[in-house]
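Morning, everyone. Let me put the model on the screen, and then I'll walk you through it.

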Amino acid sequence: MASNAVRAQVAAKWQDSFARLNRTEPGITGLMSFSEAWTLAITFLKPYDLNDPTPRPQYDMRQVRTAFDTINKCRRLPVMLEVFLEDMHKSQHLIAWEVGVHMNLYESNSDLETVRSLIFRLVEWYNAWKPTAERVPVIYIRHLVGNTPFTDSAKPSYPRYTLAFQTHLFSILPTSFARGVKMLVAATLVRTVSKPADQNDRALWQAFDTLSLIERYETLIASVGYEYIESHVLETCTGQWAEPMLANLRSWMIDKIVPWMLWPFARGATNADEAKTMMQGVGSRFDFHMHKTLCDLRTREIFDIIVDFPDSIGALHDLKARVYAKFYYKQECLQRVDQRAEFVQSIRQASNEEALLHPGADTKDILISYVSTIKCLRIVDPPGVLLFKVADPIRRYLRNRPDTIRCIVASLVGDGESGDSLVDDNEPIQPVQQPEVENYADPDWTPEPIDAGPDFRASKTSDVISTIVSIYDSKDLFIKELQVLLAQRLLAIKDGNCDRERRNIEILKIRFGESALQVCEVMLRDMTDSRRIDQHVQSQNSTIMHPTIISRHFWPALETSGIVLPGQFKVLQEQYAKEFSIFKPDKVLRWLPHLGRVHLKLELEDREVDADVPPLEAAFIELFSEKGTWTVDELISRVGTVSRSAALKALATWVDMHVLKEDNENVFRLLSVAEEPTPGTKSAPKLDELPPVMSIQQQQAEQMRVYWKFVEGMLTNLGSLPLDRIQAMLKFAPGYDRTIEQLGSFMEAARREGLVATKDGMWKLGK
């Protein structure tokens, strides 16, 4: 049971409310007038159906204002707001029906005009139900819709009404509506790029703003910009490497994309500075996306860009990071999008996919690709971090190739068939620089980049040859290979002109130093001395023989042979040696009769044959002057130690000239009178001519055989040993200067021959 005090309190509240509603009118007159005012206001505000053809009732606005005054005096406007919002909620089925009709039509025909008309229709619904100042006195709008009725621009805002309308609207929109909005936005972007300031687009964006579709679909609208930028970059930049494209893309962004961005992202801006501030965030994201798209494209194309260098230098300038100060980089594509690791991985993957680092690839092609990579990555990343990461597997692969040094040296001496393109004629010749220990006291010292690995060492040289030579730990290997190649080129000279080789040596002195090429100087001097000696001998006793006389101790090892020249050739050798001993009594000639060329004129019964052949071919045809038919074994026995394959090759030369004919197997006859070739006659297969100078690998193999006795003794006395222990002990052997990699190659060759065996890195003698 309620107490008397509670009853009194409730009665007082009731009387107060009644007095407020009745407004101290006699009886219930005031209450009746409030009820009439309430009914009129609710009916006036109630949402109506725009599709209903029945005309709306007309109201006397003076009565409406009086009704709102009455409700306001009774402090019931907040309650009226709730009733109005509830009525609006009950009327949402009208909008839902309209949305359903339009979206069903759009899903059937995919016509953007359907979505466009729906959006403008929704704006009509929004404006029709909104309690605007024309319908409701402004002083009451704040109580009806909540919050402040005016913004800074002195226009009324309707947050609670708008929120309620949007909440109901967004709950009934199907998923296909977002797809339609995206296509509409994309269409506005295309039109803005082609012809700016389209009034239809202005109205559409205003409709978006009214319905708050921009805020709801902000990510979707931004995705339209991303996709359009990406498609433009791919369309205009794919395969276009000659000129930098980044500046053109930035100008295109400013001229075409920024005007479109004003609609969704800078609406309401009153001046350019305000618009710039509003678009700063999304503009930065668009600019980043443009850089990333271009960087992704160039990363995918990087192998072709490297192959096409220097015609592709423009694409490299788009990727590079420009240095403006000692510790400051202006970021371009690669640096800004932080995609350096992906860039390195792309080049490595492309090298493998293009079968570059493959046993079947030519070493010259790998070197050319490596040189292009060096030049390209020095443009992209001047400090050299990217080059270090990309080149490391290439350098390791080239280091293990047996002919790498030979290809590099051939390019240094201008051998066009062996890789002349490695040397840039426009690049200044610089000494080959060896890695140096960093000098931290140097005032120009700079720290390594943050993404440099622990083994990275900044390269201060811009000479490509120095970078290539640095593949190996020492330049001595190049000097030895250079001596071999020079020896081959000098011995191949027929006219005695060594000017080209002398010029190459002078250039190489700049790269490797004069002391390193002293042996090459001796070789060139030997060629000059040889001509002088030959001129003296010819003056004393003219002869048709013109040998090349060299110093045995300064030239690389020449291949030896047991050939003994018969007949007149032997007489010529003896006569020349006699005159030489008179001129140089303190020296002795040691002939290498298998080297050189012999020019012959064969006088047969019905013809004469001129031939320029090696000495072995000349020796065989000389023997045919004794008798007309010889077997292969008989010929070999007369010219000394000659392999059967070399003899058949020499005889095949005369068979091809139709001077000899093979009547039976291994039986050859001199054709004093020419005969027609026998159908089906096959000449012996021609083998590739071996170089007269032993290669570096052959010399090293011969030298390592000397140290095999040391290795055999170690493994016999000490048992199984690791490779580094064998290397350390061989250091005590006289003249041993091999690297552990060379020792490993030698031990592997010995393992294949069954001399040693290995297990878990330990080497032992084979069984």
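Some ground rules. This is a predicted model, where local features need pLDDT of at least 70 and side-chain atom pairs count only at pLDDT 80 or more, while totals for chains, interfaces and linings use all residues. Residues are numbered from 1 along each chain as its sequence is written, and side-chain values use heavy atoms, with hydrogens and water left out.

Confidence. pLDDT is the predictor's confidence in each residue, from 0 to 100. The mean for this protein is 75. Of its residues, 78% reach 70 or more. Residues 146-157 have pLDDT below 50, and beyond near neighbours in sequence that stretch has 18 contacts in the model. By contact I mean heavy atoms within 4.5 Å. Residues 680-688 also stay under 50, with 6 contacts beyond four places in sequence. Where pLDDT is low, the predicted coordinates should not be read in detail.

By element, helix α12 (residues 218-237) has the highest mean pLDDT, 89. The lowest is 38, for strand β1 (residues 322-325). Helices (H or I, at least four residues) and strands (E, at least two) are DSSP runs, numbered from the N terminus.

Overall make-up. How many helices and strands does the protein have? There are 32 helices and 12 strands. The chain has 767 residues, and 41% of them are buried. Buried means under 20% relative accessible area, exposed over 50%, and partly exposed in between, with a 1.4 Å probe and protein chains only. The accessible surface is about 42,100 Å², and carbon and sulfur atoms hold 53% of that. Those areas come from the Shrake-Rupley method with a 1.4 Å probe; for residues, only the protein chains shown count as cover. Take the contacts between residues at least 6 apart in sequence: 69% of them join residues at least 24 apart.

Now the cores. A nonpolar core is a set of buried Ala, Val, Leu, Ile, Met, Phe, Trp, Tyr and Cys residues joined through side-chain atoms within 4.5 Å. The largest one has 74 residues. I119, F165, F177 and F286 have the most contacts inside it. Helix α6 (residues 112-129) gives the largest share, 9 residues. Beyond four places in sequence, I119 is in contact with F177, L184, L204, A207, F208, L211 and L213. A second, separate core has 59 residues, including V469, L482, C498 and L524.

Let's stop at F208. It is in helix α10 (residues 199-210). Is F208 buried or exposed? Its relative accessibility is 1%, so F208 counts as buried. Leaving out residues up to four places away, F208 touches I119, V181, V185, L213 and I214. F208 and F120 are 88 residues apart in sequence, yet their C-alpha atoms are 8.9 Å apart.

Next, the strands. Two strands pair if DSSP finds at least two bridges between them. β4 (residues 598-603) and β5 (residues 608-613) run antiparallel, joined by 6 bridges. They form a hairpin with 4 residues between them. E603 has E608 as its bridge partner. β5 has two faces: V609, A611 and V613 are on the covered one, and E608, D610 and D612 are on the uncovered one.

K584 touches R532 and I533, not counting residues up to four places away.

Last, an open sheet. It has 3 strands, in the order β6-β9-β8, with antiparallel pairing. β6 (629-631) and β8 (660-664) are at the edges, each with a single partner strand, so one side of each has no neighbour in the sheet. The twist averages 30° from one strand to the next. β6 and β9 (residues 667-670) share 3 bridges, and β8 and β9 share 4. Which residue in β9 stands opposite T629? That is R669. K661 stands opposite R669 as well. The β8 and β9 hairpin has 2 residues between the strands, and N666 there takes a positive phi near 65°.

Helix α28 (residues 632-639) lies across β6 and β9, at about 85° to β6. Axes are lines fitted to C-alpha atoms, for helices over the stretch in contact, and angles run from 0 to 180 degrees between N-to-C directions.
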